Amino acid sequence: AADGTVVRLDPATGRVVWRTSVDVRLSAGVGADATVAVVGTEFGDVIAVSSDGKIAWKVQVSSEVTAPPAVANGVAVVYAGDGRVFALDVKDGKTRWVYQRQSPPLIVRNSAPATVSHGGAFIGTAGGRLVALDVTNGIVGWEAAVAVPKGATELERIADVTSPPLIDGRNVCATA
């Protein structure tokens, strides 16, 4: 919840397994796997809650966390408001890699998380690009245009990817 409450539910029954507070307001939804739930704040704090409901670690990234972290393959992929993407180790919060690209002068406030699949983190960016990063080391596997910015003004040229990429086998779909 926005007030910092994090709840784990039993998927079979919907029963509350635990409820805890991270004692700070949250700016994005929860990303989780079976071992950890990860949340972010408007001040760039990333907080991991272990499967027993205790805070495992807290680190800071470059700016507000605007999208739910994507948790898979031992990392939490966190999208920061300044366009940087961080891969944090789910065990201790240490930064494994950071991806950054030049942002256009005017962008949409993005709340789309990365999608992690097939060993890659698929991320839509400002400027209409879709990027596939190796989740273990952050190396760019490929980059493609989803939309081409065009128009006479910066406002007309907004072409940001604003939803999470969808993966279907070897196909990736994104919208801008």
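I began with Val39, which stands opposite Ile47 in β5. The model I consulted is a predicted one.

**Sheet β3 to β6**

I next looked up the strand that pairs with β5 here: β4 (residues 36-40) joins β5 (residues 45-50) through 5 bridges, and the two run antiparallel. I then placed this pair in its sheet, an open one of 4 strands in the order β3-β4-β5-β6 with antiparallel pairing. I noted β3 (31-32) and β6 (55-60) as the edge strands, each pairing on one side only.

I followed β5 to its partner β6, where 5 bridges hold an antiparallel pairing. In that pairing I found Asp45 opposite Gln60 of β6. I also checked the connection: β5 and β6 make a hairpin with 4 residues between them. In its turn I recorded a positive phi of about 90° for Gly53.

**Sheet β7 to β10**

I turned to a further open sheet of 4 strands, whose order is β7-β8-β9-β10 and whose pairing is antiparallel. I asked why one side of β7 and of β10 is left without a neighbour in the sheet. I found that β7 (70-72) and β10 (95-99) stand at the edges and each has a single partner strand, so one side of each lacks a neighbour in the sheet. For the twist I noted an average of 15° from one strand to the next.

Finally, I examined the contact between β9 (residues 85-89) and β10, which is antiparallel and consists of 4 bridges. Within β10, I identified Val98 as the bridge partner of Phe86.

Notes
Residues are numbered from 1 along each chain as its sequence is written. This is a predicted model: local features need pLDDT of at least 70, side-chain atom pairs count only at pLDDT 80 or more; totals for chains, interfaces and linings use all residues. Side-chain values use heavy atoms; hydrogens and water are left out. Two strands pair if DSSP finds at least two bridges between them. Axes are lines fitted to C-alpha atoms, for helices over the stretch in contact, and angles run from 0 to 180 degrees between N-to-C directions.
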